[in-house]
Structures are given as C-alpha cells and as structure tokens.
Amino acid sequence: MIFVCITRQGQRWKVELDAFSSSGPTIPDEAVAILRSAAETLVLTDAVTQANIAPDYISMWAIDTEHRAREIAAAFHAAMHGLRLFHAAMHGLRLLYTAVPTQQR
C-alpha cells in the first residue's frame with residue numbers, strides 16, 4: 001500500500017505520499033513526470049508553496065487548509081494507483097503479445 005498522510009505545520013498543512021512501503025515497484029518514470037507536472041501546477045496556482053516528487057515519495061507543503069490538503073492527498077493517491085495499474089496492465093499486454101506465436105499476431 002502507498003502510505004498517505006497530512007500533517008499540520010503551524011497554520012498550514014503538508015501532504016506526504018510514500019511508496020517505499022509498497023510491495024510493488026516504484027512509480028514509473030512516465031507517471032512521475034505526470035505527477036510532477038500536476039505538482040508544478042499546484043505551485044503555480046499557489047495551492048501549495050513547495051513540492052517534491054520522486055519515484056517513491058511525494059511531499060507538498062504550506063497548504064492553507066486541512067480540507068485542501070485532504071483533497072490534494074486523495075487526488076495524488078488516486079493518480080498514483082491509477083498510473084501504477086495502467087503501467088502494470090501495459091507491461092502485461094506486452095508480455096502477452098510476445099507470448100503469442102508470430103503466425104497468430
């Protein structure tokens with residue numbers, strides 16, 4: 001499972017998602033790029049002040065309200081699961097394709 005938490009830092013909030021504890025592989029590079037782009041948009045729109053996106057860890061901080069922190073955490077958690085499942089499905093399809101004899105392709 002991907003660990004997700006929000007914490008209060010003074011008057012603001014922080015969101016953290018940690019895939020270290022996940023039994024699956026780290027987040028694929030393509031997914032990291034998508035999540036990084038979303039985080040950059042949050043910074044540009046002042047929804048968060050700073051963000052850190054890595055293949056196995058995401059943190060965003062200086063979020064104004066707990067409600068907004070929960071929304072962001074839920075959205076990134078869902079995206080991480082969706083992107084990982086998509087990547088796994090594509091990998092499975094590639095394996096299936098290579099397993100099928102050439103004449104039947």
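Contact here means heavy atoms within 4.5 Å. I noted first that this is a predicted model, where local features need pLDDT of at least 70, side-chain atom pairs count only at pLDDT 80 or more, and totals for chains, interfaces and linings use all residues. Residues are numbered from 1 along each chain as its sequence is written, and side-chain values use heavy atoms, with hydrogens and water left out.

**Entry 1: Glu16**

I looked up Glu16 and found it in strand β2; strands (E, at least two residues) and helices (H or I, at least four) are DSSP runs, numbered from the N terminus. Leaving aside neighbours within four places in sequence, I listed Phe3, Val4, Cys5, Tyr57, Ile58 and Ser59 as in contact with Glu16. The side chains of Glu16 and Tyr57 are joined by a polar contact of 2.2 Å. Such a contact is a pair of N or O atoms within 3.5 Å; within protein, one must be able to donate a hydrogen and the other to accept it, and residues adjacent in sequence count only if both atoms are side-chain atoms.

Is Glu16 buried or exposed? I read a relative accessible area of 18%, so Glu16 is buried (buried is under 20%, exposed over 50%, partly exposed in between; 1.4 Å probe, protein chains only).

**Entry 2: the sheet**

I traced an open sheet of 4 strands in the order β1-β2-β4-β3, with antiparallel pairing (two strands pair if DSSP finds at least two bridges between them). The edge strands, each pairing on one side only, are β1 (3-9) and β3 (50-54). Between β1 and β2 (residues 12-18) I found 7 bridges. Gln9 stands opposite Arg12 of β2.
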